[in-house]
Protein chains: 2
Amino acid sequence: MDQKVDTRSRILDVAEAAVLEKGFEATSIDEIVAGAEISRGGFFYHFKDKNALARAMLERYIEVENALYDDLFARARELNDDPLHCMLIGLKLLAELLEEMPTGHPGCVIASTAYQDRLFDEGVRDLNRQAILGWRKRFRGMFEEIAAVYAPREPVNMDALGDMVSGVVEGGLVLQRALREHNNASEQIMLFRTYLKLLFAPQH
Amino acid sequence: MDQKVDTRSRILDVAEAAVLEKGFEATSIDEIVAGAEISRGGFFYHFKDKNALARAMLERYIEVENALYDDLFARARELNDDPLHCMLIGLKLLAELLEEMPTGHPGCVIASTAYQDRLFDEGVRDLNRQAILGWRKRFRGMFEEIAAVYAPREPVNMDALGDMVSGVVEGGLVLQRALREHNNASEQIMLFRTYLKLLFAPQH
DNA sequence: GCATCAACTGGACTCGCAGTACAGTAGGGA
DNA sequence: TCCCTACTGTACTGCGAGTCCAGTTGATGC
């Protein structure tokens, strides 16, 4: 029972590392099996097929990412109670976090699966969709709180602005990956932060 | 000779359509061969392997995309000579163009290859990199022209701002693909347009 | 009217990887 | 003692990429 949990999450650890480095398709089951030190039979005992593995990976990844956002903005809230400043601090922390990632960062699994979506079944695609919708809701809520205090200087669609957080991160990671530079994602977030300052902060 | 050109670009047409719909890995050579009505041998006569196909597709795609940007901003410049307004009009045109795409749009090949990059060789990755650097240069140039006329209200890194155009488009396409909505990319561009207005337009 | 070459066709083969099937085993409860 | 979970190990199917190669067709040069 204990061994089961151990093995399963050991498989997920190995798989996640490999997938983030090379992509899902480029990661073979044999490789995962070798890394996790189990037999092929053992792998298929835990995961029906590669789709089941993808689903489990996504679930875990989304949970971690959500916990990370919770923690980040909770810390930001402690530093400043104003919703705008809380947001600005949170984004700064996020940018720093992305910059600190030593190997370059864990490329976002969401974008990675989105662009190979025909390899996956409906369950995986739906998880992906729900994750992005969750972030939309989270950030839209925060922006509405801000807008209640500071009237935006230009009219904006709040759903789209919520999506922009995910979009800027995803887009930044795509750039970073393609360019093989290190800080594009964090720079993009800082630019987005400047956007929010211009949009909400009262003119001086 | 004429037949050669015909067949080669017929292969590229079929492959591009399939890859944009399903992703590169999910598209088999057999399928391309059937769609282009040639034999497997014929395919390998034109393309050494799938990497050569990817390279040719990317080259063609980047050329088309660059021509599209040239045309778009040339039209915008005709409508208004001011660099800021030209940019704003160009982005509006781009957003409309993305919205009009009937099937949803041609998902950007760049992001698609960036996230499966271990499947490709150095040549493909380098093409990808050069394309993004080209767009950085193009947009940074335009932003510097704007900044020479309108001092930005907040300090921004011009390279990063140039990258933000690509990033917002790529990120928007990832969202659109994952959410199965239709206008995320164009909405994101419109939000970015608002950013530029706030950043450069003189306060009223 | 013959030779040549580019542009193919078609078939047979190898190899790696996903997934199936299933028989056997080690070890911890009830 | 029995049973069940968590495996191991092997042998197999099937698919797609890529190789090899022998043969065909049609335009062009001489």
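The contact between the two chains of this predicted model takes 46 residues from chain B and 46 residues from chain A, two residues being in contact if their C-beta atoms, placed from the backbone, lie within 7 Å. On the side of chain B that touches chain A, α6 (109-114), α7 (122-149), α8 (158-179) and α9 (184-200) each supply at least two residues, and α8(B) gives the most, with 15 residues. By class, this side of chain B divides into 20 nonpolar, 13 polar and 13 charged residues, where Ala, Val, Leu, Ile, Met, Phe, Trp, Tyr, Cys and Pro count as nonpolar, Asp, Glu, Lys and Arg as charged, and the others, Gly among them, as polar. Residues are numbered from 1 along each chain as its sequence is written, and chains are lettered from A in the order in which they are written. Because the model is predicted, local features need pLDDT of at least 70 and side-chain atom pairs count only at pLDDT 80 or more, whereas totals for chains, interfaces and linings use all residues.

The secondary structure of chain A comes to 9 helices and 0 strands, helices (H or I, at least four residues) and strands (E, at least two) being DSSP runs numbered from the N terminus. Of the 204 residues of chain A, 45% count as buried, that is, with 20 or more other C-beta atoms within 10 Å of their own, C-beta atoms being placed from the backbone. Among the buried residues of α7(A) are A:W135, A:F139, A:M142 and A:F143, and the buried residues of this helix pack against α4, α5, α6, α8 and α9 of chain A together with α8 of chain B.

The axes of α4(A) (residues 50-79) and α7(A) (residues 122-149) come within 9 Å and cross at roughly 10 degrees, which makes the two helices roughly parallel (angles under 35 degrees). The contact of α4(A) with α7(A) includes A:L58 and A:I62 of the former and A:L127 and A:A131 of the latter, and has 7 nonpolar, 3 polar and 3 charged residues.

Methods:
Axes are lines fitted to C-alpha atoms, for helices over the stretch in contact, and angles run from 0 to 180 degrees between N-to-C directions. Angles under 35 degrees count as roughly parallel, over 145 as roughly antiparallel, 65 to 115 as roughly perpendicular and the rest as oblique. A residue is buried if 20 or more other C-beta atoms lie within 10 Å of its own, exposed if 12 or fewer, and partly exposed in between; C-beta atoms are placed from the backbone.
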